[in-house]
Every structure is written in C-alpha cells, then in structure tokens.
Amino acid sequence: MALDKTRKVLFVTNYVNSLSAFQLDDEGKISYEIFNDRYGAGSNVVPDRQGDAHPHGVYLYNDFVFVVDLGADKIWRYRITKAASNGKTRIEKVGSTDTPLGWGPRHMTIKNDTAYVIFELETRIGVFNIDPLLGELNFVAALPTVSEKSNWNTIEDTKYGKLNFCFISCSY
C-alpha cells in the first residue's frame, strides 16, 4: 500500500492481479474506490512463478504511481491528475517499463530522481533514472546482490525441499 496524503488517495496492489485506488475522506476513512486496473498473464519465463501477473508493491513519485510486477517482468506507470470538470482525482495508466525477462521485479525505492528495484528471481538490483516530467524509467545499471566469491550451500528440508543459503565471503 501507498498513501498519497496530498490527494487523500490510498493505493493498494493485490498479488492476484490488480491495482486499486481509494479516495479517503477528511478523517482518513475510505470513501470509495476511484480506480481499478486488472493485470493479465505474466511473462511465463519462470512458469511456476510468472504464469500470471503478480504486482508486489506500489510506489509514489511526484504525480506518478509505479507498480512492480514480478509475474509480468514489468513496472507499470500511472499518472495522477485532477479532472478539470469536477476536481476529482483521476488516475490513468500511461505506460510501463520492461525489465529483463525472468528477473521478477519485487520491490522499489525512490530517492530523488533515481529508482532502485530489487529482483526476486535474479540476484540483481536495477538502477533507473526517472524523468520527472514523464515519469519514464531509464535503465542505468544492474548490480549483483551476491558476490561471485559467495559460498552457496544447498540443504534439503522436509517441508520446503531444497533451500539455498549464501554465506558471503568478505575481504577487507
């Protein structure tokens, strides 16, 4: 969830394919739903994880809303505006950013005009510059989250099957 305090809008992603937005009243209570967008199929690169869209989180930046979608390998982009006719908050989908297939974007954080995206299915952090006027994400780099010198160990667990553990080798 993400709260736009200025516009009094609560954004909610639902892991089973949707983004919803709710208008809040002056006391902070939900008044009514003002937007809903349902997603469809995922990229299916990793079939057991990406058969369908799986929006994991919603993030605010100026007049834009970003939704990271692990299942579709995308970051959806929406613009928040006020309708000229009645002054009510409007939300419209204005695009998306494709991420590498099979990487599965899971979480994002934004600092100034830079977005950092952690991928779940690949050990990487994506770095994107954000165009402040259009909200477009421009890829800068993908950085590994695990050192090549890491020591990966796999253990067999009766409940979860194979589990990978990483013990990172640090050198000073």
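Let me begin with Y116, whose bridge partner in strand 11 is V127; strands here are DSSP runs of E with at least two residues, and helices are runs of H or I with at least four, both numbered from the N terminus. Please keep in mind that this is a predicted model, in which local features need pLDDT of at least 70 and side-chain atom pairs count only at pLDDT 80 or more, while totals for chains, interfaces and linings use all residues. Residues are numbered from 1 along each chain as its sequence is written, and side-chain values use heavy atoms, with hydrogens and water left out.

Strand 10 and strand 11 (residues 124-130) run antiparallel and are joined by 5 bridges, where pairing requires that DSSP finds at least two bridges between two strands. These two strands form a hairpin with 4 residues between them.

Now to Q50, which is found in helix 1 (residues 47-50). Is Q50 buried or exposed? Q50 counts as buried because its relative accessibility is 0%, and buried means under 20% relative accessible area, with a 1.4 Å probe and protein chains only.

Finally, pLDDT is the predictor's confidence in each residue, from 0 to 100, and the protein chain averages 88, with 85% of the residues scoring at least 70. Over residues 162-172, however, the pLDDT is below 50. Where pLDDT is low, the predicted coordinates should not be read in detail.

Key
Buried < 20%, exposed > 50% of the residue type's maximum accessible area, 1.4 Å probe, protein only. Contact = heavy atoms within 4.5 Å.
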